[in-house]
Amino acid sequence: MFETILLPTDGSEDAESAADAGLELAQIHDAEVHVLCVAETGLLGHVRLPGDADSAEHAMHRQAETFVSRVADRAGDLPVTTAVRTGPPETELLEYANEIDADLIVMGTRGRGGVHKLAIGSVTDHVIRFGDIDVYVPSLE
């Protein structure tokens, strides 16, 4: 039924749990898995940071790579593609899903959005409302 499943992650507990549910579905359907993290840099993207990071954007990109690697490492023998994008998460997520012709997006209800800790996260809400791809938001209690 599902051939290509997208697992967006921001490293949050909700995203990690949703990714595990998505990996289970991918195993059942023998589906290809894509793990995506969008580094939202906003206005701070070009601010130089102390230490070895060239900029906030570079540091966020490295962190995003860590997040996708954590999910990919749990995929076992499933075919996995990882990707990191920069920009508004809701926009980048839907664009990527369309590019890979995803059959399903599996995502958590809330991510790292702090202020947006409502019943459902703002990115998830946007993807459900404006995307044309099925979205599965597993109950994570």
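**Exercise 1.** Does Ser12 count as buried or exposed, and at what relative accessibility?

*Solution.* The model is a predicted one, in which local features need pLDDT of at least 70 and side-chain atom pairs count only at pLDDT 80 or more, while totals for chains, interfaces and linings use all residues. Residues are numbered from 1 along each chain as its sequence is written, and side-chain values use heavy atoms, with hydrogens and water left out. Buried means under 20% relative accessible area and exposed means over 50%, with partly exposed in between (1.4 Å probe, protein chains only). Ser12 has a relative accessibility of 9%, so Ser12 counts as buried. Ser12 lies in the loop between strand E1 (4-8) and helix H1 (13-29), where helices (H or I, at least four residues) and strands (E, at least two) are DSSP runs numbered from the N terminus. The side chain of Ser12 also makes a polar contact of 2.7 Å with that of Asp10; such a contact is a pair of N or O atoms within 3.5 Å, of which, within protein, one must be able to donate a hydrogen and the other to accept it, and residues adjacent in sequence count only if both atoms are side-chain atoms.

**Exercise 2.** Work out whether the length of H1 agrees with its number of residues.

*Solution.* The expected span of a helix is 1.5 Å times one less than its number of residues. Just after H1, Asp30 takes a positive phi of about 50°.

**Exercise 3.** Describe which residues touch the most other members of the largest nonpolar core, and which element gives the most to this core.

*Solution.* A nonpolar core is a set of buried Ala, Val, Leu, Ile, Met, Phe, Trp, Tyr and Cys residues joined through side-chain atoms within 4.5 Å. The largest has 21 residues, of which Ile5, Leu7, Leu23, Val33 and Val106 touch the most other members. Two or more residues come from each of E1, H1, E2, H2 and E4, and H1 gives the most, with five residues. A second, separate core has 14 residues, including Leu93, Ala102, Val127 and Ile133.

**Exercise 4.** Decide whether Asp101 is buried or exposed, and locate this residue.

*Solution.* Asp101 sits in the loop between helix H3 (89-99) and strand E4 (104-106). Its relative accessibility is 58%, so Asp101 counts as exposed. The C-alpha atoms of Asp101 and Ile133 are separated by 8.9 Å, although these residues are 32 residues apart along the chain.
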